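Please look through the structure below with an eye to how its parts meet. The paragraphs that follow go from single pairs of side chains to whole interfaces.

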Protein chains: 2
Amino acid sequence: MKIGIVGLGLIGGSLAIDLRSQNHDLLGVSRQEATCKVALEKGIVDLASTDLSILKAAEIIFICTPMDKIAPIVEKLIPYLDNDTIVTDVGSVKQPIVEACSKLWDNFIGGHPMAGTAQQGINAAQSNLFQGAAYVFTPPDKSTGRTSPALRGRGQPLANLDKLKQLAVSLGAIPYICSPEVHDRAVAWISHLPVMVSAGLVAACLGETDTDVLELAQNLASSGFRDTSRVGGGNPELGTMMAQYNQDSLLRSLYGYRDRLEHIIELIETKNWDNLQQLLTENHQARPKFLN
Amino acid sequence: MKIGIVGLGLIGGSLAIDLRSQNHDLLGVSRQEATCKVALEKGIVDLASTDLSILKAAEIIFICTPMDKIAPIVEKLIPYLDNDTIVTDVGSVKQPIVEACSKLWDNFIGGHPMAGTAQQGINAAQSNLFQGAAYVFTPPDKSTGRTSPALRGRGQPLANLDKLKQLAVSLGAIPYICSPEVHDRAVAWISHLPVMVSAGLVAACLGETDTDVLELAQNLASSGFRDTSRVGGGNPELGTMMAQYNQDSLLRSLYGYRDRLEHIIELIETKNWDNLQQLLTENHQARPKFLN
């Protein structure tokens, strides 16, 4: 199969490496000439260009750019697409992307492979990045009427979805199918809320005005602080973009979190140790359900 | 030197192993006959008993029991102590313990070796547990008048403190000296607040009423959620006891945290992405100061 990749960074490059190893023809597009050169030299793609027109031959196109570039690229791609070309993306928020892109292209299906490393760029691309990772697909949500009448008429996107699922399985990933909204709410809980909760922890510690206390805290901090503060001390651009794109679902989770925090504070203020221990016991029992 | 240990669990047992390997005489006391037997069989101590009277010969006594047992044990120990015997503890909160115990015994100095594993009990005791760990000592706080006049008159506890510091260094630990209050505020920030912040995260996720979203969240959760939720899903008894013993300092940290969280929510509600990114950038830059 001829497969196009727009954006040859960590995710796009890693997708290309695995798919090419399965004997698909990989057509890569990057804004940067230098990236195209590296991708060809490393044998990551068969053909590379800064020009979207090379994707004319592609049957499936993965858009692996930052989120704000996805819909503009779909728009620019249209002159080069066959009616049947499947277009998908790898953005970590789905509702705004699926809404914008499914209006532009009937055969658009949102995707989110949940893999990554701390590195970025074509040189970080690696084989087997998606092995064992979740890969969520969010076909346009029929219930909200966002799927175009034409698409529904042709019985799409089920056949398209099957093709994408098969590719995900071939990467060793575990495919999940849900609406964009369910995806965005779920990742708000387990990915975006933790960033803000953890960011609040670091910011609160930095607010300590007693320098003896702050200095000792910095000296004593160990694994508990390290783990709880990790995602809140991570990439600031990424954290901001998550909040920007998933604002509604993130706020929904933050309000739920604020309520629980208020409850915990109240239990401690009123010395309700029995109920505090019960809450911690429920957490202790429930947490393994979130860990595979 | 003859060193007594009351409570032969992970911390007490591990202290005994390292100190005995330095040729000190180790006298161990446990409530349980079976623990005494194991401690002797494994060569963790030289002498073991369920009876505090064996500690008559000890020059320094470490009380390594749960926090609620420390002051009662100091009280029971008094008949067996020489005037010069140094008594210390290993509890993770210092102000209430130092306040109670320094009233009972002039030569009491609070201690907190910040080491541990997920295991408990004599069978979890190991050598070199304290290697590289912080070991905080909190002599009775003169500024608050809690040191007895007799103690001040004899120029104590500086000589005692030196002896304890030397022992800590001999374990490979890094000694810190501060007031009980500064200790408790510092550990509230880096140890007890993270537990509550993290507990709120798990509890909030469990409050999701849309079962599709909750189920997907549980399937998609990966390293970010795992790390941020770890200490909030830990030992419920320990979490409750931290809150109980360090209530004031923990609430002080929780109020600071609540303010920061409210600020983050407001930035997201008002789409103030520049200031959100600035806050995340400050976190990103400051977090390494908490990690050694």
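Asp89(B) has a relative accessibility of 0% and counts as buried, a class that means under 20% relative accessible area, whereas exposed means over 50% and partly exposed lies in between, with a 1.4 Å probe and protein chains only. Its partner Lys94(B) is likewise buried, with a relative accessible area of 0%, and Lys94(B) and Asp89(B) form a salt bridge whose closest N and O atoms are 2.9 Å apart. A salt bridge here is a side-chain nitrogen of Lys or Arg within 4 Å of a carboxyl oxygen of Asp or Glu. This is a predicted model, in which local features need pLDDT of at least 70 and side-chain atom pairs count only at pLDDT 80 or more, while totals for chains, interfaces and linings use all residues. Residues are numbered from 1 along each chain as its sequence is written, chains are lettered from A and ligands numbered from 1 in the order in which they are written, and side-chain values use heavy atoms, with hydrogens and water left out.

Over all chains, the whole structure holds 16 salt bridges. One of them joins Arg20(B) and Asp46(B), at 2.9 Å from N to O. Because Arg20(B) lies in helix 1 (residues 10–21) of chain B and Asp46(B) in the loop between helix 2 (33–41) and strand 3 (47–49) of chain B, this pair ties together parts that are 26 residues apart in sequence; helices (H or I, at least four residues) and strands (E, at least two) are DSSP runs, numbered from the N terminus. Arg20(B) is partly exposed, with a relative accessible area of 29%, and Asp46(B) is partly exposed with 36%.

Other salt bridges cross between the chains. Arg258(B) pairs with Glu262(A), their closest N and O atoms being 2.6 Å apart, and the pair runs from helix 11 (residues 247–269) of chain B to helix 11 (residues 247–269) of chain A. Arg258(B) is partly exposed at 26% relative accessible area, and Glu262(A) is partly exposed at 32%. Asp227(A) and Arg230(B) also meet in a salt bridge, at 2.7 Å from N to O, and across the interface of chain A and chain B the rule finds 6 salt bridges.

In that interface, 86 residues of chain A are in contact with 86 residues of chain B, contact meaning heavy atoms within 4.5 Å. The area buried between the two chains is about 8300 Å², of which carbon and sulfur atoms give 69%; buried area is the accessible area (1.4 Å probe) that two parts lose on being put together, summed over both. Leu220(A), Arg287(A) and Phe290(A) supply 9% of the area that chain A buries against chain B, more than any other three residues.

Within chain A, the domain assignment, which is automatic or from a database, gives domain 1 (2–178) and domain 2 (183–290). The contact between these domains takes 13 residues from domain 1 of chain A and 10 residues from domain 2 of chain A, and the C-alpha centres of the two domains lie 33 Å apart. Helix 3 (67–77), helix 4 (95–104) and strand 7 (134–138) of chain A each supply at least two residues of the side of domain 1 that touches domain 2.
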